[in-house]
Amino acid sequence: MFKQFASPAQESSRIRLPRSLNTLETWGFSLTGHILWINVIPGIHTALNTQAIFVWLPAVCFGMLLNYQVKHLGESLLNVAGGTPNYTCHLLKKHPLIARYAALGYFFSWVSVLPVNAIVLTDLIRVNLETIHVSFPTPIIQIGLTLLPFILAFSGTRGLGILHLFFILPAFGLLVMFAAQGMGWLIFSPSSPDFFPHDWSIPSFDVWAKWFLYVSYATYACETASAFVADSRHPRKTLSLLPLAAWLMIPIYLCASWVVTRLGVVDGNGQDSTFLNLLVTALPFWGNFAGLIITFLIAASCLLASATVVSNCPRILYQLAIDQHLSPVFAVVSRRGVLGPALTLTLLLSLCCLIWGNVAQILIVGNVGWFISIMAVHLGIWLQRHKSKVLFPRLTLGILILEVAVLLVGGLAWGLRDFLIGLFIPFVIIAIDAVIYNLPLPLCQPSWWIKKYNSRQVVNVNELLLYQVVVLITLLSGAVIIGWLLGINLSQSDYQGAGNLVVVLLMIVVFVGVAIACWTSLPPVVAIAEAQQATEHFFNVAQDGILVVDEDGIICKANSAAANLFAPLPSDLLGNHLNKWLTELSNNPSDWRKRSEHTLIWNSQVKTLEVSISDKSEQDFPEYVVIVHDITKRQQAEAILQKSEAQLRQQAQQLAAQLIQSEKMSSLGQLVAGVAHEINNPVSFIYSNLEPAEEYIQDLIRLLQMYEHYYPQPVPEIQAETEAIELNYLLKDLPKLLTSMRVGAKRISEIVKSLRSFSRLDEAEVKEVNIHEGLDNTLLILENRLKPHGSLPRIQVTKEYGELPLVECYAGQINQVFMNILVNAIDALELAINQGNLTEPPEIIIKTATLDHHQVMISIKDNGCGMSDSVQKHLFEPFFTTKPVGKGTGLGLSISYQIITEQHRGKLKCISTLHQGTEFLITIPRQQYTS
């Protein structure tokens, strides 16, 4: 029963609660708690009279502190719906059962308000109608008044919020006027019974606790605006009203209550009557208008509280589902902000309370859950006292301790059974939620609701017009008939309170009318608005220019894409004929071809446009839609493609040759690595056995020397063999032979290492490389060509290495570049020697240096035959070579150029003078920014 539910985001892709409410609409909901004063004042006034002020004072102070605390919490939880109970869940994260219990207690306390208001409002109507001898089925009206706010809520939040705001402002204004005029009359009127009573008395603690528990139902309820922060367009502005709502409690809960205490004296059975108490109080300063205004206030209080119930209760369940305290189905919301599953559960619980029917018991049960939820807020504040999001933690702890005493003493004072039911109700809702979570019905599955909300309504405009007219005729006819029947009954009776009845019925008719309109007309209207918004969106974001022209070819509407083609702004196009820009068009749009191409010269640019025009014969309005598509780039691309076919074929051949060369280099690298591996094994074996062989030979030499010492006169055969093998020379030369073998094996090992390093088969990715090491390995491999051969002298290599950091590069490719350039330098030197053009010793000079913090330079220079300017121009072109057939492919320098410039974002430059040598300059960045 108390398990944590899976995240709704994991269960289904729900729609987020849309921010559709403006600030005024959310502010209106924050004043509902003040209107609830009307429901609680008769009971406490009848029971305590002037002693009630000792209950109101601390209740108002605690309520004001709660408002400030909720505002402070809300500023750090701007995306949390539901307000106070859901803030409590965040305060009590480590205690999820307590958090869920408290939030559901808060939820049920609001749910219980709705059926109570339906019962009270039905009784008010019944009493007035019985006076004029009109009877009606009470249960049907009660059910109707209970369903009425749900009809509004199921149609969307905006209509309910606007209607609530329309009635809350005059109702709250009249309450403030009631308090102000009443206080003024008490102070200044000669008929006043004095502002202060002659006798003061303080109620006992049990009496005080009982009524504090009762009135806190209203004084703690002035933070309702926080429930709408998550769907407010300006959440911080919504929260900004909470301090104001706190201070507005003083004129309502203190001043108005004091006015009722001093003036509201009712005798007989009407002491508990809200209407009679307020009527008697207001008669001295409102006179004959008192009945009418009080009736309006009572009806407004009931209807507005009901509207608030169906607005904030679903948001509480929604956020509890988001926070994984309830079933994921309650987190589903429509695009218009309708919380269908949460509203359905709220409706079922409201009908259960309506069937229960005992107003006093419902109020007490709801009050207990409410009070516990506020205690949980104070508990959470104390537990989070070290966090910046809480205010007054020590004061809050004191209030919490007092509230514990009030709950126990006051709750039991109202009755043990109702107190226990109030404690148990949240567990009942948790059990209901567990059943919903495990029930396989479609209504209990988020996917069913999401499919319902994602389906778009198809609207037939002609049928919609007929639909609206029928609804309007029905409403007007019904209102006239009801008014006519009511007028007949009023004219036949002497009832003096006809105006009061008219006020109640008028307010109910307004709510019913808005409900019917929202349920019948609003969905199609919203669907049309959504379609219009989608059309406008497509019109504005279209990549092609779209213009609407009238019958004369005058531009009436244009999107941004059209402005980009013709003018700086869309407004600059309006009112002009389209042929101002497309000069080939005639003045009469009916003569325009459906599809044509036009040349536009605009802002020194020549553009080719493809123009498509709608067919007027297929539409009922005198307009043409012109779609303009810029095909300039497409035509340019076609021209380029036509001109470059031969070039592409040539590039394809070059690319194929380069791929072949790359494959050869890759195969060569694999071959080199394989040979190096195979050579390394026997060399390692020989090198590792040289040391023990030397030890063995030394041991044998010592043994021979011992034999020579102890047996100086060997037998003739041994002496003859000794002279034959030249033993003395062998003993001297054998250690030298081993040393030569060691040097040779070491040399072979170094060559193998250089071959493996040069191949770099395991380094295909970018990594940090020592450039000097790559140059040395390449030179070691080319050592055979650097040695003297026949008439060719040794080529001297001069290294002028600078301080180079590690460089990020493709090591194998860089080594390939070094190899290609050094081989070309050796070939040039050999050619110069053979031609007799080299008077100096052949030399290759390799320099390295750091140019700045970002680049390094490698220079490879020879004093060979050099090259002419004409040769240099084609040096890096594929297949270009000056070598005899069979000596070169013409791809080495071309591939080297691509490796440096494309693979490493560097530069490869050749500086050469004929008969004076050549220098290749390589510049590459230290780091390669590869993804």
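How do H29 and H31 lie to each other, parallel or oblique? They are oblique to each other, since angles under 35 degrees count as roughly parallel, over 145 as roughly antiparallel, 65 to 115 as roughly perpendicular and the rest as oblique. You're looking at a predicted model, where local features need pLDDT of at least 70, side-chain atom pairs count only at pLDDT 80 or more, and totals for chains, interfaces and linings use all residues. Residues are numbered from 1 along each chain as its sequence is written, and side-chain values use heavy atoms, with hydrogens and water left out.

**The whole chain**

- The protein chain has 33 helices and 12 strands; helices (H or I, at least four residues) and strands (E, at least two) are DSSP runs, numbered from the N terminus.
- The chain is 931 residues long, and 48% of them count as buried (buried means under 20% relative accessible area, exposed over 50%, partly exposed in between, with a 1.4 Å probe and protein chains only).
- Take the contacts (heavy atoms within 4.5 Å) in the protein chain with a separation of 6 or more: residues 24 or more positions apart account for 74% of them.

**Two helix pairs to look up**

- Two packed helices are described by the angle between their axes and the distance between the axes.
- Back to the opening pair: the axes of H29 (residues 771–781) and H31 (residues 811–835) come within 10 Å and cross at roughly 45° (axes are lines fitted to C-alpha atoms, for helices over the stretch in contact, and angles run from 0 to 180 degrees between N-to-C directions).
- H29 passes H31 in a right-handed crossing; a crossing is left-handed if the near helix is turned anticlockwise from the far one by less than a right angle, and right-handed if clockwise.
- On the H29 side, the contact is made by Ile771, Gly774, Leu775, Thr778, Leu779 and Ile781, while H31 brings Ile814, Asn815, Phe818, Met819 and Leu822.
- Sorted by class, the residues of the contact of H29 with H31 are 8 nonpolar, 3 polar and no charged (Ala, Val, Leu, Ile, Met, Phe, Trp, Tyr, Cys and Pro count as nonpolar, Asp, Glu, Lys and Arg as charged, and the others, Gly among them, as polar).
- Now try H17 (residues 359–383) and H18 (residues 393–414), which pack at an angle of about 160° with their axes 9 Å apart.
- H17 and H18 are therefore roughly antiparallel to each other, and their crossing is left-handed.
- Residues of H17 in this contact include Phe371, His378 and Trp382, and those of H18 include Arg394, Glu403 and Trp414.
- The contact of H17 with H18 has 17 nonpolar, 2 polar and 2 charged residues.

**An open sheet and its helices**

- Strands of a sheet pair through backbone hydrogen bonds, either parallel or antiparallel.
- Here, 5 strands form an open sheet in the order S7-S9-S10-S12-S11, with mixed pairing (two strands pair if DSSP finds at least two bridges between them).
- S7 (796–800) and S11 (907–913) stand at the edges with a single partner strand each, so one side of each is left without a neighbour in the sheet.
- From one strand to the next, the twist averages 15°.
- Inside this sheet, S10 (residues 855–862) and S12 (residues 917–925) pair in the antiparallel sense over 8 bridges, and Gln855 stands opposite Pro925 in S12.
- H31 turns up again here: it lies across S9 (843–850), S10, S11 and S12, running at about 20° to S10.
- H33 (residues 892–903) lies across S11 and S12, running at about 135° to S11.

**Strand S1 and its partners**

- S1 (residues 545–550) has 5 of its 6 residues buried, so it is largely enclosed by the rest of the structure.
- S1 pairs with S5 (residues 623–630) in the antiparallel sense over 6 bridges, and Val625 in S5 is the bridge partner of Val548.
- S1 and S2 (residues 555–558) run antiparallel too, joined by 3 bridges, with Leu547 opposite Ala558 in S2.
- The hairpin of S1 and S2 has 4 residues between the strands, and Gly553 takes a positive phi near 85° there.

- Most residues other than glycine have a negative phi, and most peptide bonds are trans.
- Asp194 is not a glycine, yet it has a positive phi of about 80°; Asp194 lies in the loop between H10 (157–188) and H11 (205–219).
- Phe392, also not a glycine, has a positive phi of about 50° and lies in the loop between H17 and H18.
- Asp194 counts as partly exposed at 39% relative accessibility, and Phe392 is partly exposed with a relative accessible area of 45%.
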